[in-house]
Amino acid sequence: MTATTTAPEATARRAAEPAALPHRGFRLPFNAWHMVLAPLALLFAVPLIWLLLSSVMSDAEINRFPPALWPSRIDLGGYSYVLGNAMFPRWLLNSAIVSAVAVTSNLVFGALGGYAFARMRFRGSRALLVLMLATMAVPFQLTMIPTFLVMKKLGLIDTLGALIVPTLVTPFAVFLLRQFFLSLPRELEEAAWIDGCSRLRVLWSIVLPLARPALATVAVLTFLTTWNDLTWPLIAINHDTQYTLQLGLTTFQGQHHTRWSAVMAGNVITVLPVLIAFLFAQKAFIRSVTSSGLKG
């Protein structure tokens with residue numbers, strides 16, 4: 001016969017046994033995708049790191065073979081040469097003027113055009129939209145000569161106007177803002193129309209405040225494209241007083257001798273505004289890309 005266990009003895013035995021620990025799976029303190037994205041981010045950052053390091057090297061170190069990976073000492077001769085150039089402030093001002101006007105005009109005209117294509121229906125609107133989008137597939141090399149001839153007829157060659165007029169509005173700005181406007185509910189605008197608001201008042205007071213992510217994206221991309229443009233200024237500008245910053249940096253490269261430290265230092269100064277603009281607008285950029293793809 002087996003001895004029966006009383007209730008107090010069973011309770012005491014269970015209390016003496018070690019408590020079973022709950023099973024918990026191992027969890028990383030960060031998203032697993034970061035293990036893939038972090039090396040890729042470092043890989044893409046290598047050119048910027050090399051640019052920054054080479055800007056504080058001497059010309060001898062930059063031209064040495066095999067190239068030096070780390071400066072033996074901090075040499076600011078390249079920055080002194082660039083900032084000491086009498087034309088550098090003028091080039092910086094020219095780039096700032098062209099970029100500021102291009103950003104402002106693309107926001108204004110892009111918002112007007114995008115809202116018209118998104119909310120207004122008129123004869124030939126879809127054909128006009130398709131025609132406008134088709135121009136995005138035309139490479140700049142095909143329109144370069146016609147654009148030059150038009151600017152010459154207008155008397156704008158060798159002036160900042162030749163750089164500003166072709167960038168006043170771009171099909172990309174109109175298309176991106178149109179896509180974002182389509183993702184907004186119509187009920188908000190209809191309520192404003194009932195209150196007696198005009199289309200422009202609705203656009204200014206209701207739609208544009210909601211479209212800040214898309215507007216920030218258009219502003220950053222337009223600034224990036226205009227600020228870094230070299231091909232068109234190289235064709236349209238002849239006098240050094242009208243040079244942009246990118247065009248002015250080419251003067252540091254000669255046929256027989258190039259001051260690479262000055263070239264690298266100038267590129268660091270040129271890249272800084274673009275990086276700062278993107279860092280401040282990256283959240284709005286991501287929100288705009290995800291929202292503008294909701295509806296076609």
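Start at the largest pocket of this predicted model, which holds about 940 Å³ of space. Select Phe140, Pro166, Thr167, Thr170 and Pro171, which lie nearest the centre of this pocket among its 28 lining residues. Next, colour helices H5 (88-119), H7 (140-153), H9 (171-182), H12 (212-227) and H13 (231-236), the elements that give two or more residues each to the lining. Helix H12 provides the largest share, with five residues. Colouring the lining of the largest pocket by residue class shows 14 nonpolar, 13 polar and one charged.

Proceed to the second largest pocket, where about 200 Å³ of space lies. For its lining, select Leu107, Val108, Ala111, Leu112, Leu200, Leu203, Trp204, Leu208, Pro209 and Leu215.

A search of the whole structure returns one cavity of 30 Å³ or more. The largest cavity contains about 40 Å³ of space. Select Phe117, Arg121, Ser125, Arg126, Leu129 and Arg178 to display its lining. Which helix gives the most to this lining? Helix H6 (residues 125-134) does, with three residues. By class, the lining of the largest cavity comprises two nonpolar residues, one polar and three charged.

Definitions and conventions
Residues numbered from 1 in each chain as written. Predicted model: local features only at pLDDT ≥ 70, side-chain atom pairs only at ≥ 80, totals over all residues. Heavy atoms only, no water. 1 Å grid on protein atoms, 1.4 Å probe; cavity = no way out; pocket = protein on both sides within 12 Å on 5 of 7 lines; lining within 4 Å. Points joined across faces, edges and corners; volume = space filled by probe spheres on them. Helix = DSSP H or I, 4+ residues; strand = E, 2+ residues; numbered from the N terminus. Nonpolar A, V, L, I, M, F, W, Y, C, P; charged D, E, K, R; others polar.
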